[in-house]
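Here are my notes on this model.

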Amino acid sequence: MAREHSSLACPDPSALTGPVRTCVGCRKRAAKSELLRVTAGSDADGQPVVVPDPTATAPGRGAHLHPTAECFELAVRRKAFGRALRVTTGLSSAPVAEHLSHAHQP
């Protein structure tokens, strides 16, 4: 039996222009330009961290996140960064939290 396509699960494709990505926090689809790309990197001590990539030019696998505290907190609580970036070791998300706090200051 064929599965019916639910229009509630996917936004109308004509409503989104350009590349579409899914936020790892809220799991909603949005235009790539509306999301913050993050990648796996390392801090000064060589520990694995999630690094913000606002220009979306860093090499390697990336994940996308709405640049809001709510989506960031959801992603951290769900441990979505490690899964999306395919990193098995514990990732610190402190650089992304710092980037978001600086982005929202006047």
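1. A disulfide is a pair of cysteine sulfur atoms within 2.5 Å. By this rule there are 0 disulfides. The C23 sulfur is too far for a bond, because the closest cysteine sulfur, in C26, lies 3.8 Å away. C26 is in no disulfide either; its nearest cysteine sulfur, that of C71, is at 3.7 Å.

2. This is a predicted model: local features need pLDDT of at least 70, side-chain atom pairs count only at pLDDT 80 or more, and totals for chains, interfaces and linings use all residues. Residues are numbered from 1 along each chain as its sequence is written, and side-chain values use heavy atoms, leaving out hydrogens and water.

3. Buried or partly exposed: which is C23? C23 is buried, at 0% relative accessible area. C26 is partly exposed, at 23%. (Buried is under 20%, exposed over 50%, partly exposed in between, with a 1.4 Å probe and protein chains only.)

4. The whole structure holds 1 aromatic pair. F72 and F81 form this pair, which is tilted, with 6.2 Å centre to centre and 45° between the planes. (Ring centres of Phe, Tyr or Trp, its six-membered ring, must lie within 6.5 Å; planes under 30 degrees apart are stacked, over 60 edge-to-face, the rest tilted.) Both F72 and F81 are buried.

5. The lining of the largest pocket has 7 nonpolar, 5 polar and 1 charged residues. (Ala, Val, Leu, Ile, Met, Phe, Trp, Tyr, Cys and Pro count as nonpolar; Asp, Glu, Lys and Arg as charged; the others, Gly among them, as polar.)
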